[in-house]
Amino acid sequence: MSNKQKIIQYCCNVLGLDTVGFTSCRKFKELEKFLSLRKDKGYENEFEEKDILKRINPNIYMEEGKAIISIAFPYIFNKNFNNKICFSKYTMGRDYHIVVAEYLKKLCAFIESLGGKAKYLVDSNTLPERYIAKLCGIGFIGKNNMIITKKYGSYVFLGEIITDLELDEDEPLMCQCGECELCLKACPAGSIGEDINNPNVCLSYVTQKKEIEDIWFDKLQGRIFGCDNCQKVCPYNKEIDFSGIEEFKPFVFMENPNIEEIINMNNRIFKDKYALTSSGWRGKNILIRNALISSFAKGEIHTITIKEFSSPYVKDYYGRLLRFYKL
């Protein structure tokens with residue numbers, strides 16, 4: 001049995017992960033033109049690496065790397081969406097950065113038992129992970145820039161492992177969206193374009209920005225963290241398998257969020273609840289700010305008992321909202 005087959009078998013039988021692919025570890029020079037175009041158009045955002053050469057060179061993480069393994073981690077347990085107070089489906093369970101890392105560490109240990117070196121990567125790196133997943137045959141990149149898998153649709157997290165083992169490549173998957181434009185029409189901010197997307201107006205990104213302009217107050221429409229619009233309408237997400245990863249099982253407080261609790265939450269509530277989720281990495285005050293925006297925009301702020309804000313940041317947004325809505 002080849003090392004590739006052993007890795008697939010370990011992922012499926014031991015880790016319970018059945019969507020795994022492989023590609024060579026090389027510079028993705030074919031992306032330079034596209035990434036330069038995005039830069040020229042001002043489409044890069046604050047979470048992106050600005051050095052294009054770092055974005056296309058996986059060998060900065062392992063000089064002797066020969067192969068990249070891409071793995072999809074399904075996270076959705078149901079398709080019941082709360083349209084009043086919106087947390088994206090990916091935030092419902094435990095923080096995926098931690099969960100995915102736990103799985104990848106085990107796979108790295110297995111690869112090392114085969115005589116190879118291995119380094120795992122989860123989200124916070126410079127590499128184009130969706131493009132790598134496409135090359136690995138994990139799924140295709142849809143018009144909404146999401147990786148879309150056959151079994152789980154786009155409701156997956158991605159993790160990568162770079163190794164010095166020689167592993168055969170899988171066939172890349174080309175976009176299968178065809179003439180469908182449902183995600184373009186469903187995007188509330190026009191982030192998804194015909195030829196290129198502008199992530200700077202994506203509402204998921206806006207909910208995570210440290211500073212936002214007043215013009216966004218009416219546009220978030222109840223979103224506390226993330227936006228699932230383009231995923232909800234995607235035909236490839238209609239008939240999917242749900243996740244079997246118990247760590248991603250939704251917390252009750254995330255499926256039925258308490259807006260008053262979020263607005264008034266202290267450090268203990270944040271630590272015991274929201275910091276455990278994938279929405280916690282941005283900190284307590286971003287969630288409070290977005291909950292305030294939601295309450296003002298819906299005219300529900302008068303129904304909420306607000307305690308004294310200790311954060312100057314939150315106080316500033318509260319004052320801006322009072323002025324914006326003339327209250």
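E46 is partly exposed, with a relative accessible area of 41%; on this scale buried means under 20% relative accessible area, exposed over 50%, and partly exposed in between (1.4 Å probe, protein chains only). E46 forms a salt bridge with R282, and the closest N and O atoms of the pair are 3.3 Å apart. A salt bridge here is a side-chain nitrogen of Lys or Arg within 4 Å of a carboxyl oxygen of Asp or Glu. The pair links distant parts of the chain: E46 sits in the loop between α2 and α3, R282 in the loop between α11 (267–272) and α12 (284–297), and 236 residues separate them. Helices (H or I, at least four residues) and strands (E, at least two) are DSSP runs, numbered from the N terminus.

The model is predicted: local features need pLDDT of at least 70, side-chain atom pairs count only at pLDDT 80 or more, and totals for chains, interfaces and linings use all residues. Residues are numbered from 1 along each chain as its sequence is written, and side-chain values use heavy atoms, with hydrogens and water left out.

By the salt-bridge rule the count comes to 15. One of these joins E48 to R38, with the closest N and O atoms 2.9 Å apart. E48 lies in the loop between α2 (32–41) and α3 (52–55) and R38 in helix α2, so the pair ties together parts that are 10 residues apart in sequence. Both ends are buried: E48 has a relative accessible area of 15%, and R38 has one of 9%. K39 forms a salt bridge with E44, the closest N and O atoms being 3.2 Å apart. In that pair K39 is partly exposed at 33%, whereas E44 counts as buried at 15%. Elsewhere, D18, K151 and D241 are linked in a network of salt bridges.

The next element is helix α1. In α1 (residues 3–15), the buried residues are K4, I7, Y10, C11 and L15. Seen down the helix axis, these residues fall within an arc of 125 degrees, so they line one face of α1; the arc is that of the directions from the helix axis to the C-beta atoms. An α-helix has 3.6 residues a turn, so residues three or four places apart point the same way. The cover over the buried residues of α1 includes β1 (20–24), β2 (67–74) and α4 (96–113). After α1 comes G16, which has a positive phi, near 75 degrees.

What does L107 touch, not counting residues up to four places away in sequence? With contact meaning heavy atoms within 4.5 Å, L107 touches I7, Y10, C11, L15, I71 and I161. L107 also belongs to the largest nonpolar core, which has 68 residues, and in this core F73 and L107 touch the most other members. α4 gives the most to this core, with 10 residues. A second, separate core has 22 residues, including I52, I68, L127 and Y152. A nonpolar core is a set of buried Ala, Val, Leu, Ile, Met, Phe, Trp, Tyr and Cys residues joined through side-chain atoms within 4.5 Å.

The cysteines are a separate matter. The count of disulfides comes to 0, a disulfide being a pair of cysteine sulfur atoms within 2.5 Å. C177 is buried, at 16% relative accessible area. C180 is likewise in no disulfide, and the nearest cysteine sulfur, that of C183, is 6.5 Å away. C180 counts as partly exposed at 28% relative accessibility.

N229 is found in helix α8 (residues 229–232) and counts as buried at 18% relative accessibility. Leaving out residues up to four places away in sequence, N229 touches A186, P188 and R223. With R223, the side chain of N229 makes a polar contact to the side chain at 3.1 Å. A polar contact is a pair of N or O atoms within 3.5 Å; within protein, one must be able to donate a hydrogen and the other to accept it, and residues adjacent in sequence count only if both atoms are side-chain atoms.

D195 lies in the loop between α6 (182–186) and α7 (203–208). D195 counts as exposed, at 77% relative accessibility. D195 and G137 are 58 residues apart in sequence and 22 Å apart in space, C-alpha to C-alpha.
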